[in-house]
Each structure stands twice: as structure tokens, then as C-alpha cells.
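Subject: Two-chain model for you to look at

Hello,

Here is the structure I promised to pass on.

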Amino acid sequence: MITFIIRRLIATVFLLVLVSMITFAIFFLLPKLGGQTTYGLATEYVGRNPTRAAVLQVEQQLGLNRPVYLQYWHYLSAIVAGEHYSAGPQTVYCPPPCFGYSFKSQQPVWPQMTSDIPVTASLAAGAAVIWLCSGVTIGVISALKRGQIVDRLSMGIALAGVSLPIFFTGQIALALFSYKWAIFPSVQYVGITSNPLLWAKNLVLPWITLAFLYAALYARLTRAGMLETMGEDYIRTARAKGLPERKVIAKHALRAVLTPIVTIFGLDLGLLIGGAILTEITYSLHGLGWFTIQAIQNQDFPEIMGVVMLAAFFIVIANMVVDILYAVIDPRVRL
Amino acid sequence: MAAGSGARDGSPGDRRTVLGRRERAELRDGGTGAALGPASAAMLEVRDLQIHFPTDDGLVKAVDGVSFTLERGKTLGIVGESGSGKSVTSMGILGLHHGTRAKISGQIWLDGEELVGADPARVRALRGSKMSMIFQDPLSSLHPYFTVGAQIIEAYLIHNKVSKREARAHAIEMLDRVGIPQAASRVDDYPHQFSGGMRQRAMIAMALVNDPELLIADEPTTALDVTVQAQILDLISELQAEYRSAVIIITHDLGVVAELSDDILVMYAGKAAEYGSAEDVFDRAAHPYTWGLLDSMPRLDEERTERLKPIRGTPPSLINVPAGCAFHPRCNYAKRTGGRSETTVPTLHELEPGHLVACHLTGDQRREIRGDEITVRP
């Protein structure tokens with residue numbers, strides 16, 4: 001088990017380095033192969049209407065004249081050791097982990113992202129609790145009442161849930177609960193430490209909007225898994241023991257159904273923490289998704305690279321956790 | 001019509017034929033057919049059991065009027081191809097069709113208690129304690145996420161108010177009893193860490209943990225290696241002698257029932273084709289289907305120069321059961337009955353005391369056929 005975790009950790013680090021290489025190649029190698037000059041490339045890192053001096057300074061800063069592998073090394077060492085950037089007249093120190101310096105916003109990338117993480121994390125975690133509980137419950141009930149009204153109704157709603165885009169359901173929720181009835185008047189991020197109650201109240205609508213989509217997916221998954229599991233021989237064995245049906249379902253069937261759900265849940269959560277773009281945009285929540293969209297709109301390459309790396313980090317970590325968790329909950333996985 | 005249908009009509013003449021030897025004697029001595037209670041003190045008495053499943057394609061009569069009796073300490077072998085209703089019957093006895101769309105009628109008397117009309121909670125209380133079951137494939141029948149010990153302990157705790165520690169000690173004792181080496185440490189293993197034979201032993205330990213008086217073994221050796229099969233069968237009969245349980249062995253392998261059974265019920269398309277003692281069915285087999293089963297069984301006790309003779313055709317669909325005798329399309333002798341096999345469902349009737357058969361062939365025809373075509377076991 002320990003060796004498995006260590007092996008998995010090493011693989012994770014390797015994977016992250018690989019992701020950084022690919023990201024780096026996209027931003028620095030591809031333009032070069034496409035025939036863009038280093039000056040032209042540097043121009044894109046500076047704000048609108050760049051002066052020649054500023055562009056030359058950026059070209060110098062990023063070492064665009066040097067071989068690509070040296071540039072990459074420079075990028076990596078900045079993450080580990082920090083880096084000084086001279087922007088304009090003054091020099092700015094970007095402490096580790098330094099994921100680059102945005103010459104457009106004139107700030108290091110990392111501190112901007114870290115301030116956005118709590119927003120996205122709050123959104124994803126709250127929604128995750130809601131969708132996991134409701135999705136699994138609805139899925140189980142649907143499977144047990146297969147073909148009955150409860151099943152048809154919940155599967156119909158689930159179909160709507162997976163089909164309707166978040167910017168649609170989000171707008172509807174806002175129109176109804178925020179403007180028309182004003183149950184949740186303001187959707188604004190308030191730190192959980194400053195006012196937990198307000199934090200939760202303001203996030204209810206985004207949570208429900210995001211959870212609706214995932215709950216629908218999970219209800220369908222759980223229902224399918226449940227229907228399959230209830231036909232398994234070991235369920236018949238559990239009944240043959242004289243176990244009450246309630247326990248057959250809660251203990252024997254759910255155990256088998258939840259195993260694949262847990263793994264998918266881990267991956268979904270990892271993906272979301274990298275930015276719940278649509279939900280954040282719909283509710284103007286300034287999380288990582290919002291940050292990503294801003295970075296893309298401003299064509300702020302260091303910021304985009306930073307957010308790509310961060311999202312990749314969450315996904316890779318989630319993958320690792322899921323792998324380890326799977327080994328723990330399924331005794332048949334030999335390590 | 002199958003034997004049991006007579007019971008519904010209330011005609012004692014037909015009813016008689018479905019009972020065991022002793023009960024028949026009782027009925028002859030003035031009994032009128034105790035339709036309201038068990039006809040005997042037998043451990044298990046199944047009377048005119050019908051289990052039907054309504055499906056979109058039509059009504060599947062998986063079990064269509066089956067009756068048999070089983071005494072304490074005795075073994076009944078139920079034989080038939082896939083789809084003949086063997087497993088559905090056994091699941092019906094345990095009440096495992098509850099909650100499905102199955103329509104069940106008839107009577108099942110377990111030690112004087114009727115189960116078909118009983119409260120499902122009562123049947124559940126009996127399930128796993130007074131009657132229990134061993135299933136065909138021990139790997140898929142054991143829960144992959146729980147240890148073998150946990151599953152046996154659970155079975156014990158459902159029916160006994162004891163501490164977990166006591167239950168665990170009992171589980172280890174049972175594993176030891178069914179011949180699992182180092183039971184005290186293997187109890188914490190998962191099913192996938194056991195070999196096939198050990199898994200089936202663990203299943204048996206789980207089935208016997210509450211000293212059941214009725215044990216149903218549904219194809220207990222089908223998923224096992226041949227060498228392990230014999231061990232498991234030995235174990236079942238050994239434990240049966242020890243616990244004095246009544247045992248039903250369900251199988252398509254006549255070799256298995258030959259070794260263990262006192263009585264044999266041959267089923268075809270949800271009905272009894274032949275029912276009698278093991279000697280009756282093996283030595284004086286009367287139904288062409290039984291002949292077919294015997295002929296398709298490899299034998300070591302005599303020299304064979306010809307190939308095994310399989311029964312031609314396939315078992316019928318239970319939605320469109322052939323008219324008349326369900327076996328007639330596959331029967332080599334159906335044409336000798338003057339068309340009755342195609343039109344009339346044969347009743348289960350008594351050939352000699354305790355030996356019942358549902359076939360239109362007459363005794364003379366049988367003797368004639370047997371004389372020139374059927375190999376009779378010495």
C-alpha cells in the first residue's frame with residue numbers, strides 16, 4: 001500500500017512536469033515554429049499600444065532570444081525559487097511559487113489566483129455535497145421504483161438537468177429567486193471565516209444551479225448501477241440469509257453502487273476546483289473560472305498558463321486520490 | 001395437466017398421486033385429502049406450486065403445478081435442463097420471489113407451516129435460519145467487498161441475539177467444520193482470496209451457520225473442478241448426516257443426484273415429468289425425457305462403444321409451451337401414443353407405488369421400447 005502511494009506520487013509529479021512542458025510548448029515553442037519573431041511574441045505580453053522599450057524589456061525578461069529548453073528551465077526555476085521582474089522602471093519580486101508575471105496587469109500571477117481559489121472551492125464543495133446526496137438518493141429510489149411515477153418523474157427531471165446549460169438554469173434561478181421573490185437577493189462571495197451564514201446564503205443559488213447538472217448525472221449513474229447490482233447473485237445471497245430488504249439495499253447494494261460513483265466524484269470535483277466557469281460567470285463570482293475568462297479575454301498569456309497549470313494540478317491530484325481511494329474501498333484491487 | 005391441478009379441483013384420486021409413499025398409504029386408509037393442512041409430518045411438502053411471471057411477451061409459467069414431499073434427513077434431487085423450473089422452485093420455497101412480479105399459488109408446508117400465503121416478514125425470519133440455500137456460483141454469490149467472515153457473521157447475527165465476538169467465534173468454528181484450513185485467519189479474507197472449492201465451502205458454512213432443517217443446494221458443484229465437486233458433495237452429505245437436515249439438490253447432472261438422493265424429481269418445462277425413489281428413476285425410468293438424460297450421461301461402469309446420445313432439440317420457450325406433452329417435439333416415441341402426446345397434457349400418474357410419471361406411453365409400449373432401445377442401469 002505504502003509503495004503504491006509512493007509510486008503514485010512520483011507518477012503524479014512526472015505527470016505535472018509533462019503538463020507544464022506541453023503548456024510551455026504551446027505558448028513559446030509553437031509561435032516560434034509558426035515563424036513569429038521574438039519581438040512579435042514579446043509584443044503580445046505587453047499591454048495595448050506597447051512602446052518599443054517596453055517590448056524589448058519583456059523580450060529580455062522572458063529570455064525569448066535564448067533556446068527554448070533554457071527558457072523552460074527558467075520558467076520551472078521561477079516556480080521553485082521565485083524570480084525578479086523588472087517592469088517599467090521598478091523591479092518586482094515574484095516569490096515562489098512564481099507562475100510568471102503578468103506585464104498587462106503588472107502583477108505576479110500566483111497571488112491573483114490564490115485569492116480566487118476560496119471562491120471556486122466554496123462553490124464546488126457546497127455543490128458537491130448537494131449533488132452527491134440528492135443524486136444518489138434519487139438514483140436509488142428511481143431504481144427501486146423502476147417504471148413507476150416517481151422513477152419517470154425523476155428521470156425526466158434528470159434528463160432536463162443534463163440537457164439544460166448552466167447559463168440557462170442559472171438565469172432562471174436568478175430571475176425567480178433573486179428578483180421575483182428575493183429569497184436570495186444577493187449572490188456575492190463573502191468569506192466563510194468572516195460570516196459563515198452569509199457565505200452559505202449567498203452561495204445557495206450557485207450551488208443549486210451547479211448541483212442540478214451533476215445531481216442529474218449522478219442520479220442516472222446511480223440508477224443504472226443500482227439496477228445492475230440488484231440483479232447480482234450476492235444480493236440474492238443477502239436476501240437468502242433473511243436480511244431485511246432495507247439492509248440488503250443500504251449495506252450490500254449501495255456498497256457496490258457507490259464504488260464507481262466515488263471515483264467519478266473525485267474526478268468531477270478536481271475538474272471543478274480548476275474553475276466552474278459557467279456558474280461563476282452567470283453569478284459574477286470572482287473565482288478561478290472568472291479569472292480564466294478574464295485572462296483569455298485580455299490575452300494575458302502568463303495568467304492563462306498559470307491557470308492551466310493550477311487546473312492541471314487539481315485534476316492530477318484528484319486522479320491520484322481517486323486511485324488510492326479505489327484501492328482502499330475495493331479489496332479486489334491488489335497493490 | 002400436471003398432477004397438482006387435481007388438487008385444485010378437489011378430486012382425491014388425482015391428489016393422491018402427488019404425495020409420498022407414506023402419505024399415500026394414509027390417504028388410502030380413509031384420508032380425504034387434508035387440503036387445509038399438511039398431509040404429513042414431513043419437513044417440506046410442496047403442493048401444486050405454480051410460479052408465473054407476467055412479461056411483455058406473455059405469461060411465463062416457470063413452475064406449473066409441481067408437488068413433492070421431503071422427510072427429515074432425506075435428500076431430494078431435482079433434475080432438469082436449464083429453464084425447467086428447478087431454480088425458480090427453490091427460490092419460491094425460500095420466498096425469494098417476494099417483491100418481484102412473480103405470481104405464486106399452491107402451497108408450501110415447511111414443518112407444518114404454510115409459506116405461500118404467509119406474512120413475508122415471517123418467511124424472512126425462517127429464511128437463513130430454518131431453511132437456507134447454497135447457490136451455484138460461489139464467486140458471484142459472495143459479496144466481493146465484504147470478508148468471508150463478515151458475511152457469515154452477518155448471517156448468524158440476523159437470527160441470533162449474540163455479541164459480535166460470539167458470532168465471529170461461531171463463524172470460525174463453521175469454517176473449520178466445512179474444512180477450511182487455518183479458519184481463524186482465513187475468516188478475514190475476501191472471497192477473491194479463496195479458491196473455487198473453498199468459496200463453495202464458505203457458502204456452505206454460511207448456509208449452515210444457523211443449523212437449518214432444510215438445505216437447498218442449487219447446482220452446488222456446477223462452477224467447480226471435477227475433483228472438487230466430489231469433495232463438496234461428500235461434505236454436503238456428511239453435514240446432512242450430522243445436522244439431520246432435509247436436503248434438496250438441484251442439478252442437471254444425474255451423476256450428482258445418483259450419489260446423494262433418496263428421491264428424484266425430473267422436471268421439464270415447469271412440470272414434473274417423473275418422480276420417484278432414486279432406484280425407480282435410475283433402474284426403472286419410465287419417461288422418455290429421463291431416458292434421454294440417462295443416455296446423455298457418460299458412464300464409467302460399462303464399456304461404451306457408441307457415442308453419448310444427446311437429447312435432440314432444445315428446451316421449449318416457457319411462453320409458448322408446445323401443446324399436449326411439452327416434451328413431444330423432442331420425443332422419439334411421441335408418435336406411438338396415437339396423437340395424444342400432441343393434444344393432451346399427460347397427467348402425473350402412478351406406475352407402481354411411489355413411482356409417478358407424466359407420459360402417455362403404456363406399460364407395454366414402455367417394456368417394448370426398453371427391451372430393444374433403452375440401456376437400463378444394472
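Let me begin with a helix pair in chain A: helix H7 (residues 166-180) packs against H8(A) at an angle of about 145 degrees, and their axes are 10 Å apart. Axes here are lines fitted to C-alpha atoms, for helices over the stretch in contact, with angles running from 0 to 180 degrees between N-to-C directions. On the H7(A) side the contact includes Ala173(A), Leu174(A) and Phe177(A), and on the H8(A) side Leu205(A), Ile208(A) and Phe212(A) are among the residues involved. Contact means that C-beta atoms, placed from the backbone, lie within 7 Å. By type, this contact has nine nonpolar residues, four polar and no charged, where Ala, Val, Leu, Ile, Met, Phe, Trp, Tyr, Cys and Pro count as nonpolar, Asp, Glu, Lys and Arg as charged, and the others, Gly among them, as polar.

Some housekeeping: this is a predicted model, in which local features need pLDDT of at least 70 and side-chain atom pairs count only at pLDDT 80 or more, while totals for chains, interfaces and linings use all residues. Residues are numbered from 1 along each chain as its sequence is written, and chains are lettered from A and ligands numbered from 1 in the order in which they are written.

Chain A has 13 helices and four strands (DSSP runs, H or I of at least four residues for helices and E of at least two for strands, numbered from the N terminus). Its C-alpha trace spans about 80 × 55 × 40 Å along the principal axes. Of its 335 residues, 36% are buried, that is, with 20 or more other C-beta atoms within 10 Å of their own, C-beta atoms being placed from the backbone.

Helix H10 (residues 245-273) of chain A deserves a look, as it has a kink of about 45 degrees centred on Leu254(A); the bend is the angle between axes fitted to the seven residues ending there and the seven starting there. Buried residues of H10(A) include Ile249(A), Val257(A), Phe265(A) and Leu269(A). Their cover includes helices H5, H8, H9 and H13 of chain A. Just after H10(A), Gly275(A) has a positive phi of about 135 degrees.

Where do the two chains meet? The contact takes 18 residues from chain A and 24 residues from chain B. On the side of chain A, H9 and H10 are the elements giving two or more residues, and H9(A) gives the most, with six.

Chain B comes to 16 helices and 12 strands, and 48% of its 378 residues are buried. Its helices H7 (residues 148-159) and H8 (residues 164-177) cross at roughly 115 degrees, with axes that come within 9 Å. That crossing is right-handed.

Finally, the largest nonpolar core has 103 residues, with Ile152(B), Ala171(B), Leu175(B) and Ala205(B) making the most contacts inside it. Such a core is a set of buried Ala, Val, Leu, Ile, Met, Phe, Trp, Tyr and Cys residues joined through C-beta atoms within 7 Å. A second, separate core of 72 residues includes Ala42(A), Val55(A), Ile138(A) and Leu269(A).

Best wishes

Methods: A residue is buried if 20 or more other C-beta atoms lie within 10 Å of its own, exposed if 12 or fewer, and partly exposed in between; C-beta atoms are placed from the backbone. Two residues are in contact if their C-beta atoms, placed from the backbone, lie within 7 Å. A crossing is left-handed if the near helix is turned anticlockwise from the far one by less than a right angle, and right-handed if clockwise.
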